[in-house]
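Q: I'd like to learn how to read aromatic rings in a protein model. Could you walk me through it?

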Amino acid sequence: MSAEIKAKKTYIRDNEDGTPFFNYDFTDVINVDTHAIILTGPIQGPIHMEDGTVYNVTDFAIAVKHEHNDEVTGKIQEAHKVSGTFTQDAE
Amino acid sequence: MSLTYLTAAVANAMVETAYPSNTISHTASATNGTTTLTFTASEALSISVGMTVTGAGITSGGLVVTNPGTGVVTISGTITTLTASSYVFTLSPYASLHTTTPGNTGAAEVSGGSYARQTIAFGAPASGVKTSTTAQNWTNMPAVTVGYFGFWTAVTAGTWIGGGILGSSLTVPSGATVAAAIGAITATVSG
């Protein structure tokens, strides 16, 4: 099941590398008591939670349930290792 | 202006100098009394203000207070006699969020709510980029728009290491938690 909560996404300008710079506005979109905002990084696509919830982490920032916060960041770490885009260990 | 055409080795060396590794060990070349250690100039480049230092003669609180890049590093703390031996320098950076450009000083840092800088660690540089290897959680944020991030040597006050612009900006309501996933924050060098 999808757990999408869409931020108000407004195009601002282009970054120096040509990618679009948006503003993600979560005001009046999330309940701060139930949801956290995650900066997702370069990993894209769906991330599957153990309880069946699916988050699409393609956007720069997404809202997730508090109970999924650690699991999402952990799955993103796993995705980095699987994709080979992230093979570094902490120094 | 940004330097684009660099070999990976040069780019890695530059980012390593700007954002030093979490732990570095260098051997001092001379006995220096109670406040300074002498290293080669290239070794000194990897040592930054705010690093903690341990080694012979430092009994507590070793802290790099100046590093003019000439090879002479000034240390504060409870020190007997510094010797020509190995010293370990450790940087434990903290990540900050900023509303507008932090410039060269770390200005415009978020304040209010329970906002506080969060610990962050990086992997070894690859193609001139150091990537975060830990997640961060800023809890109970104030209502704010965040567009920049930075790195400090301490959770409060401390020394500004550097920072940059986020890939997009974020407007968050009061009380929100903002988390940065592992790999979401990268450190590169441009000028």
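Predicted model: local features only at pLDDT ≥ 70, side-chain atom pairs only at ≥ 80, totals over all residues.

Q: Is B:F122 buried or exposed?

A: B:F122 has a relative accessible area of 4%, so this residue is buried. B:F151 is buried too, with a value of 1%.

Q: How many aromatic pairs does the structure hold?

A: Over all chains there are seven aromatic pairs. One of them joins A:Y24 and A:F60: the ring centres are 5.8 Å apart and the planes meet at 35°, so this pair is tilted.

Q: Which parts of chain A does that pair tie together?

A: A:Y24 belongs to strand β2 (residues 20–25), while A:F60 is in the loop between β5 (54–56) and β6 (61–65), so the pair connects parts 36 residues apart in sequence. A:Y24 is buried at 3% relative accessibility, and A:F60 is buried at 18%.

Q: What is the geometry of the pair formed by B:F122 and B:F151?

A: That pair is edge-to-face, with 5.1 Å from centre to centre and 90° between the planes. B:F122 sits in the loop between β8 (118–119) and β9 (130–131) of chain B, and B:F151 in strand β11 (residues 144–152), 29 residues apart.

Q: Which residues form an aromatic cluster?

A: A:Y11, A:F22, A:Y24 and A:F60 make up one cluster.

Q: Which ring does the charged end of A:R13 sit over?

A: The charged end of A:R13 is over the ring of A:F21, 4.1 Å from its centre. In chain B, B:R117 lies over the face of B:W152, 3.8 Å from the ring centre.

Conventions: Residues numbered from 1 in each chain as written. Chains lettered and ligands numbered in written order. Heavy atoms only, no water. Phe/Tyr/Trp six-rings, centres within 6.5 Å; stacked < 30°, edge-to-face > 60°. Helix = DSSP H or I, 4+ residues; strand = E, 2+ residues; numbered from the N terminus. Buried < 20%, exposed > 50% of the residue type's maximum accessible area, 1.4 Å probe, protein only. Lys NZ or Arg CZ within 6 Å of the ring centre and 35° of its normal.
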